[in-house]
Every structure is written in structure tokens, then in C-alpha cells.
Amino acid sequence: MKKVLATIVASVMLFSMLLLPPASAASAIKIVIDGETLATDQPPVAINGSVFVPLRGIFEALDAVVYWNQKAQTVKAVKGNVTIVLKIGAKTATINDETVALDAYARAINGRTMVPIRFVSESLGEKVEWSKKLNSVLITTFKQREVGAAQYVNVIADYQYGDGRDWRVMFAPPSNQDNVKEYRILAVKENAAASFNLAKAQSVSSANYTTVQPYTAGKITTMGAYARDVDGATLRADQSYRVFVLTVGADSYALSQPSAVVRQADSTNSATNVVISDVSDYGDGRDLAVSFTKAANDSNISNYRVMIVKTKDAGKFDLNAANDVSSSYYNTVYKSSSSTLSTQFSSSSRDVNGDWIKNGVPYTAFVLAVTNSSSTANRLSSGSASVTLGNYSQMAPLVTGIADVNNYGDGRDLFVSFNKVQDETNVAYYRLFVVREADYSKFSVSDANKLSSDRYTQVSKNGSNQSLTFTSSAKDVNGNYISNGVGYRVFVMAVASNSSSYPNLLSAPSSQITLSVGGANTPKITSVYDVNDYGNGQDLQVSFNRSADEGSVNHYRIFVVKSSNADSFKLSNANAIGSSNYTKVNKTGSNITTTLSSSASDVNGSTIRNGVSYRVFVMAVSNTGQNNNNLLSDYSNEITLSDNTGRAVATNVQAADVSDYNDGRDMLVTFTRAADESQINHYRIFVVKSSNASSFKVSNANAIDNPNNYMVVYKKGENISTTLTQYTRDVNGSLIKNDERYKVFVLSVRDGGYYGSNVLSAPSSEITLKQSSAVSAPSNVKVALKGSKGDGSDLEVSFSRSSSESDILEYRIIVVPNHLAGSFGLAEATRALSYGYTTKVDKDGRTLTQRLTSSTLDSQGYTIGYSNNGAGGYRAFVLAIAKNSSLNALSAPSDVFYLSGTAAPEVQNVSASQVGQTMTVSVNFASSNDTGVAHYAVLLVPEPAYGLSESKATEYYKQGNYTEVQRSSRAALLTSGSVDVNGAPLTYNVTYRVYVLSVADGVKAAVNSLSSSTATVRLVES
């Protein structure tokens, strides 16, 4: 509402300058709303440069309700949460009780109450423009500017890194992207996804989502190593998520439906509860001991490697780094029957960088579970808390355990244990702090010292290590009650008895925990799938995570409940269900995936069948025999079984010979998408020798696990046309080549990859690739900028003629967005030619030059401009059109080029200074032009690595290691919560070089600009 009010105030101050129809044309003025001319009983009137319209006609046309008070001579209009009151002859009006000044007042003309149209329209949130050419006021309503939601959000999560790099996200953009500024990929923990809505999506911090530009929508987006969920926690392999896509428009938003549950495939369990301890005082590796809990299922594990990492590098230490560590720089621990394993280092031990382990350096321990199978990946644990070797008496307390132990939904569910400091002589007591996952990396001892007593839990020292469960009134450090569904970490601080002589000592953070109903021992459904087409329970597959501690569990029961009854299905209902109406599953020690039987029934005794909407529950049955000790999961996502074979099959598969590379690039495959893609994850294209095609069935396609022997194509809500690659092989592993007879099949791969439900198309007609006679390609394609209008008329393309020009009819220039140029070949050029997306050039036997026009289209059919596909630049190709039966020939691309004005303006006069002797830095800069700027990013580079390139600055920006400054501002205050470019918090006695990055908005500018002006600042501690 503040934004609307600001717009109104600015508009009413300026509308007389912006809206100036001639008075003589008043009778001809038209009001056009969303392209439709508004008919009113009193024509618009122009008076002193303002247009007045009948109040009732315009208000009601804009869907507002009008109230007229004859006695007070006031009109009130209400639309949604906006209430406007105007008084005849008054110079002011009120909007939601806030007074604004009017340059033109409402008046009575010919018995009709007339009001200034710009004020009326913009106060209701609509866009108003004056068209001198049409002598019309043009109003575009908010409804017309609304953006649509993305569709078909799909995520494939492999297990390699254990972070966001394993995620490949794809979604179909709305059919109309005209008003779309960007898309935001939002990862939400599964237990919070049901309550995640548009309002919450809009409030997510920029560091906690991944941005996709409109011109790359529909393509695969690979998330980064530092990608976070909406709570600020780094994506990880041991957490289930759903993914949403937020469409961001100029003044509206739309939220997609969530993806299916995402969880990285976890082929090898990791070690947990890694604890690092200072156990001696030698000043070398003998002081360090590490213990950990072995993997829950270690049948695939050969051994463990314990690695010591400097804490400053722990955030960058991932699976790849762990796999590369030299055998001289870790301790090997072999499996045993014990659940807890440990190792102590030696005087010659080194950290993973090869440096001697020594006093005064903060260290973090990691454990790598090493697989004994070539088909599964190693698995890296989370890092331990940090420890700094030194004198025992100076060690901080250490959090040794954290658990979800009850089901109250408050602090009573949270259990913590910690080791006291070795020497408690100078300790008065301990304080425990509960910090949200998104904030824990910035929580420091200075933050802890400032908190009021209602935001921590205090415990007395007792000479021993301690453990406790929090109280129902316990709060986190932000003052919120501890509750379910929120990720937390816990810190312990030893409070000095004499603060003037001894500092308070804050522990490292605990491991992460999210409280939930039933705690860790409640089973949790991860997925339900329609995996077959028998029309009974054999179609329904259920996967769930076992209880964390199965010592108290006898077995599990699966309940299938009609969706309409799911909200009222509770533990008491489950306990009362007879054995014929649930499926019993014995515990295995691992998470469970099972397909129900053909005779399986729902809880009402009805056989499971197609066309009925179900949700599924799992109950862990206690071995005590007491029903009140059983634990019931939350329900699954909704599922309706159906016979999907016919609707899931790709049809009309065709193959064509389109090039002369003598490999897969010669083959263009097209097919009609499945009629129902809702349960399809992707398609696979199989090239089969004709002699084997008659025996190629869905079972053969499912059995091919070498990705080089087929091509994956992701669904996009439309029919598919794609050229194979030079590396594509047939199903037998042979490279595709000329003079071999082939047929092509397409496999529809169901969501979840359950092969029993995949569907194979009929084969294409036979195709044999042949070497055709092709004309030679043009060369030396160059593009010169000859203007600054920001469209195709700025571009002049030149190229050298083909050496076989006598066989050429003409040339065609094709402008291709740079992000598509790498895969742009003859097939794509032929497609652009058929759609009319080229510029014709007549041959003249010499070097050719052609100026393009403002209406020239790119290869995708969009007008050339950085607000369409050109934010990342373009490349130009030239296609030689053969006269007769020879193949056309495509040139190599030009160098990448950008349209004028696509770089955001650079700021000047950057200055920075410490505020007093506090942990606060004041940054100021100047910019006379913010056209094309989304916002500014202040970047701090610590000594001695002062140098910073524009590309590196953009990389740090994408990682979230900056402080944002709004476009309208030129100043920022950086505090203890701010970070440098490495993600580290501000630190005293460190000198920083300060840069400012102008971040392009992707519409009026597409390239970020880094300030050449910089400043330095050193934080001096008081």
C-alpha cells in the first residue's frame, strides 16, 4: 500500500505536465481501458491540462463500488483494501485516511460529478498514459499486468556433492512472459511446504533463492554449492524438500504449485555426530581426538577417513575436496560392531592442506564414508563444531548432543547436552542460546552478551558435564517460542564470574535440528507413486523413512485413506483398523520402499482402485503392545491411480537427416508429447538398428543404464523437436553413423524413475543417414554497432561469400541469443528459416554487408532487444541457401555482441569509514544515473586479496556475500551481521577494500558494472 500511495502522490504532483491534451479536442477525448473504449453518459472534459471524467462511470469501470453523500458533497470509492474519498471543490483527497494534495479538484459539470482521471486510476493501482496520436487516455488495469505461474516444476537430485550442485531444476514458464522480470526458485523443507504461500514467497531474502531470467526459463538450472532453502540453510542430502517457482512481474507475483518431494539419492549413508575434542597439551596433533557415530547402514562402506580442516575453510570443504585429500593427511578408521568410532591423531598429523596441526588454529573435523562399490559415491559427513587447541582453561564449552525427545510442540521437545569448560574456577554459570538455522553463522559472543534474560536458558555449574530439556516457555534469541518445523542450532556460553578480568566463552554451534511431531522416531512418508497399471494395490508404491531408533518399534503399518477423510484420520483411528485393511511391513534397519498387493484395501475395506483420491499414512507400532505408544506419520501427498499407459506414451516419432557430420548431429528427432505429462519426469530417445527394432521392448529400454546410449529430453509442455549430439550412440553403444539403417523409439520415464511404469512409443520409420552434397558455408561473420536505439536497427552484419556461390540462391542472416548459440546448428537454422526468423541478403559476389531493422526477429521469434532474449548478448550466423538439391550451409558464429546501453551504469566516488570504534562501516557513493539498475551490492575484499574483476564480483554476488543497497539510495551501514566476499563476518583489525557493483535489472540493462572507484577501511577495536 505504501508503494501505491507513493505512486499516487508523485502522480498528482506531475499529472498536469504528463497529461496535456488540447482543450479544443476535449469532446473527442476517449477513455480506453485494457483496449476497450469506455462509453460514459458525459464525455471527458479537458480543463487546464487535466482530463475529467464522470466519477461513477470511471469508478465502476475499474471495479470499484461508489458511494455518494449529497449532503456532504463527497464521493467514496472502495476497491479491495483501498478506500478513496473526494469532496467536490476540495484541493485534497484521502486514500485509506491519508491526505494527499490535488492539483485539480473534483467539480460538478452539467449535473455530473467529474473527477481527475489520473488520480482516480492510479489511486486504484492502475497504469495511466496519454496518447497524443489517439487523443486518448489509455488505462492498463492491474489485472492486465498480472503475471502467470510457472508450470510443471521438476527437480532431479543426484547424489554427488551432497549440496545444491546435485539439483537440476526445470519448469515451464507461463504462456505470456511480457510482464515477467524474473523467476525465483525456492526450496522449502517438506514439512513446511503445505503452509508455504505467495506472501511467504515474496518475503524470502535474496540470498535464499536462485534467480532465473525469462530468456532462460524452460531450460535446466543447476543450483550452486551454496544454494539455500528459504530458511537460509544450505541444501543438503539428508533433508526432504519441495520446490516452488515464484514469477516476479513489475507489480505482481504468481506462485507455482510445488514439485514432487526432492531428496538426493543416498546410496551410502554418512557418519553422524562428529565430535572433535582437545584432549592433551602437546601443542600438536596428539591434542586432537575425533569420535563419530557410524553410518546407519554401513554394508556398502569399506572404511572411514577422518579429516581435519581449518574452520575458515570448512564452508568450502565438500565431497570433491574430501576425495582429493592425500592419504598422508587423514586418519583411516575401520568398521566395527560398535556404533561409536573414534581416533586420536599423532605428533606428525597434518590438516587436509598438509599443515602441521598446532595451537591457536580453529579446526573442524569431517568424516568421509568410503564406499566399497564402484557404482556408489562416497559420502561426507557434516562438519563438527570448531575447536582451537590451547590451554584447557581457555576452552569454551562444547555441545555434545541435541535431540527431539517429546511431542509438545514447544521447548520441552528439545534436549541438549554439553561438556563444561575444563576449569570452572572463573565460571559463574552457563547460558544456552537457541538460534535459527538461517542466522547461526552470524551469531557471536557479542550478540550473546546483549540478549535479555527471556531469550536464553541459564543453568548453574555443577562440576560435571550437563544435559537438559528446555521448558515450555523457552524462546529463541529472536524472542520467538521454540516450535515445530523450524531449523535450529544451540550454543552454550560459559559466563565469567569476573567479566573485567575474564571473557565469556561461547561454544561452537550444535548440529542442526528441526523439531517435529513424534520427533525423530515418527516414520515419515517421502513419496507415493502410481507405478503400474493393474488397476489395484499393485499400482501403489509407498516410500517412507524408518524411525530413527527402531529398538522400540515392532513393525510398521501402511494405511490408505480416501483424501476426503485424511484430515480426520488420527492415531486413535489407525489403532482401531483391522488387519485386513492395512499393509504390515516388517522393519529392515533401513528406509523402506514397498509396492502394495493386488488385494490391498483402504481403511474402509474397499479394494484400492483407479479414479479414487487417496492419501497414505504409516504407523510405527510399539513393541510394548500399548497403542498409545504407537506413532503415526503425517499423510502423504494426494494420489489418484489411473491407467496411464495410453496417455503417457509419446506418439508420431519421426527422424530426419538434416546435416553432414556423419554422427548424431545429422539426425533430427521429432515426436508428439504424451497426452498426460503430469507423472512423466522426462523422455529418453533410443536409436535402434532396424534389424533389432522388432524385438526392442520397454523392458529392453529400461535395462539400458548407460546414458551415452540414449538421449534425455525434458518435457516442456509442447511437442519435442531436437537434434542428437555427436556423442549420441545407438542402444548397443555404437556411435551413430552414415549408411546404417535405424529406427527411433521414445521412452516416457515416469516421475521417480520406477521402470515398471515407463511407456515405450512405437518406432519411427526407418532412416539411413547419407552424405549429401552441400554448398560451402559463408565465413568471417562480423557485427558492428551503428546506433544506440537498443534494437536491431543498431546492427550491421558483414560476411565473406561462399566459395561455391554459383550454387547458392541467396544468404540469410540469423541472430541467435548467446546462451543458445553453442547448440545452434543447421537443423536449428532450417527451423528459423521456415518460421521467417531470418534476414534475406542477395548475393553479389563480394563481401556482403546488411543493416538490420528495428523489427528484425531473433532465432526464437522475439524482436531483438535486451528485454527479450538479449540480456546475455547475441551472435550472428549466416545461412547459405542452395539452389538445387544440395544441402544448405551454415557459417560459424560471429563474436558475441551486446546492444547499446545494456550495461548498468557504474557508480563513482566510493568512500568508507568506521563509525566510531564500533563494528560498523559507513559506505557512500555517487551515481547520476540509475537506469537499468535493480539495486547495488557493496562488496568487501579482505587484505591482501584486494583485486576484484567484474566477473568475480558477480560470482560473489550470486553467492550472497554482499550488502544490498536499494536503487534509490547511495549509502549503507554495514554491521557485525555483514559479511565479506568470502562469507566471513566483519572482523576487527582487518583492512577491507570496498567495491560497489551496479546490478543490472535484466530489462533496461543486462550486464553488471563494478565501480573503478574503491575505498579502504580498517576496523579498529576500542
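Which ring has the charged end of arginine 489 over it? Tyrosine 440 is the one, as View 1 shows.

**View 1. Charges over rings.** The charged end of arginine 489 sits 4.0 Å from the centre of the tyrosine 440 ring. Lysine 475, in turn, lies over the face of tyrosine 481, 5.1 Å from the ring centre. (A charge sits over a ring if NZ of Lys or CZ of Arg is within 6 Å of the ring centre and within 35 degrees of the ring normal.) This is a predicted model, where local features need pLDDT of at least 70, side-chain atom pairs count only at pLDDT 80 or more, and totals for chains, interfaces and linings use all residues. Residues are numbered from 1 along each chain as its sequence is written, and side-chain values use heavy atoms, leaving out hydrogens and water.

**View 2. An edge-to-face pair.** Searching the whole structure turns up 23 aromatic pairs (rings of Phe, Tyr and Trp, the last by its six-membered ring, with centres within 6.5 Å; planes under 30 degrees apart are stacked, over 60 edge-to-face, the rest tilted). Tryptophan 167 and tyrosine 241 have ring centres 5.2 Å apart and planes at 70 degrees, so they count as edge-to-face. Tryptophan 167 is buried, at 0% relative accessible area (buried means under 20%, exposed over 50%, partly exposed in between, with a 1.4 Å probe and protein chains only). Tyrosine 241 is buried too, also at 0%.

**View 3. A cluster of rings.** Here, ring pairs join Phe559, Phe569, Tyr582, Phe617 and Tyr635 into a cluster.
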